[in-house]
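Please open the structure in your viewer and follow the stops below in order. Each stop says what to select and then what is to be found there.

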Amino acid sequence: MILSNITLEVIDRTNVFKALGYDASSPPGDFILSRTDEIISSVPTTLTACWKTAGIICRESGMVHTDQGPVKSHAFGKLAESAEMAVFSLVTTGPGMDALIQQCDDTVDAMILDAVGSVLVEQGVEEIRKNLQEHLKKYISLPFSPGYCDYPLAEQRTVFDVLGPNPIGVQVHPGSFMMTPIKTISFVCAAGDTPLQTNPCVLCQLETCQMRRISSSPS
Amino acid sequence: MNQTLNQLKDAIVQADAGRVNQLLSEVKGNADFDMIFSNCINPALDVLCTNIKQRQCAIPELLLGLRQVQRITQSISENETAESKRKKTIVIGVIEGDIHDMGKNIIRDVCRGYGFEVIDLGKNVSSEAFIEAVEERGADMACLSTMLSTTIDSMGKTVKDLKLSRSGIRVLVGGAFMNDLIASQVGADGYAENAATIMPVIERVLQ
């Protein structure tokens, strides 16, 4: 398993406002704008990550089987059609961000911090994908997380079987599969020698998914 | 006075603390808590919730308005007993196995703003803890929250246990993956999508 620390230079403000429920037609007011900027400038931007590769050994019923275990998602199977390996990974802000949020006695600040934490860890996932691309010299697919698309949340079990117990200090609840620290993302990517361009959102009709990357409606 | 109350309502919607202070000093002594609640607080929160539904603002604006409501309530309650005027009692918590509590905290603040007595049990709350709180406080409603589909069995058990333990208890559920169908399947009386839509659901269920 490979460990790495990531330090982000910039937190994406636009995504923070999106996470708070704003968009171009409904922008935040002056107070929320300035308070968000204050909070963004005060939070630590270092994340911890780990990852492990697994060779794809066969494909069965539209799903990928690796030498570390199956990835029980047909959408991932489609994404990984031309891939040679899967990469299981975790990225976390660590317990510090959770503590900052819990210590807030103001719900507005807590909500902003929560949004910042979510955006931070999502940016961390993108950094890991870039690192994987450089390290493995492979094309890396979009990340798939348990609980999204058709990848059951219970498959968190497989990710943690691959990465080992308490990887980088992240714990998973045995019943609910909730991870702590909360600002943690687990995911699997496909890696191959040809571009893996399929966007799983194209295959899915759930328009209200907060992680949707593409609209299925004509523009 | 009506004009002043209306202006105070607008000041809450705009989260204008200075204006709220100014108008509150005019209103205090001339209007009781019930009058301020009915003419300012309740309609202001309704406006904010409508604005969210119409995508004219987002949840943070509602929370900023609630800050003003809390200040007004504390200021008025210093001089009179607001307890007897309280609406019903709600017990709220995040279901066992989950610790995502941001949504629950927002719902808690909204319900308090609308005048409900809210007992916040926190997160990772067992069925037994919900029952104990509901019985001890004579609660009228329990609000159960979860972000995780894997806690659905725990939620179903808690709803069932609550209904068995206290006759007439109403149960609402909420969370990222929830909907009316799942709420019905777990035996709940209703489901609220978010903080802007919860109040009509609570009022319907408590009728």
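Buried area is the accessible area, taken with a 1.4 Å probe, that two parts lose on being put together, summed over both. Keep in mind throughout that this is a predicted model.

Begin by colouring chain B and chain A separately: the area buried between them is about 2,000 Å², and carbon and sulfur atoms give 63% of that area. If you then select the residues in contact, you will have 24 from chain B and 25 from chain A.

Next, show side chains across this interface, where two salt bridges are found along with eight residue pairs in polar contact, both residues of each pair being at pLDDT 80 or more. To see one salt bridge, select Arg55(B) and Asp23(A), whose closest N and O atoms lie 2.6 Å apart.

Staying on the side of chain B that touches chain A, select helix H4 (59–77) and H5 of chain B, each of which supplies at least two residues to that side. The largest share, six residues, comes from H4(B). By class, this side of chain B holds 10 nonpolar, six polar and eight charged residues.

Where they meet, show Ile107(B), Val110(B) and Cys111(B) from H5(B), together with Ile198(B), Met199(B) and Ile202(B) from H9(B). This contact of H5(B) with H9(B) has six nonpolar residues, with no polar and no charged ones.

Definitions and conventions
Residues numbered from 1 in each chain as written. Chains lettered and ligands numbered in written order. Predicted model: local features only at pLDDT ≥ 70, side-chain atom pairs only at ≥ 80, totals over all residues. Heavy atoms only, no water. Contact = heavy atoms within 4.5 Å. Helix = DSSP H or I, 4+ residues; strand = E, 2+ residues; numbered from the N terminus. Nonpolar A, V, L, I, M, F, W, Y, C, P; charged D, E, K, R; others polar. Salt bridge = Lys/Arg side-chain N within 4 Å of Asp/Glu carboxyl O. Polar contact = N/O pair within 3.5 Å; in protein donor to acceptor, adjacent residues only side chain to side chain.
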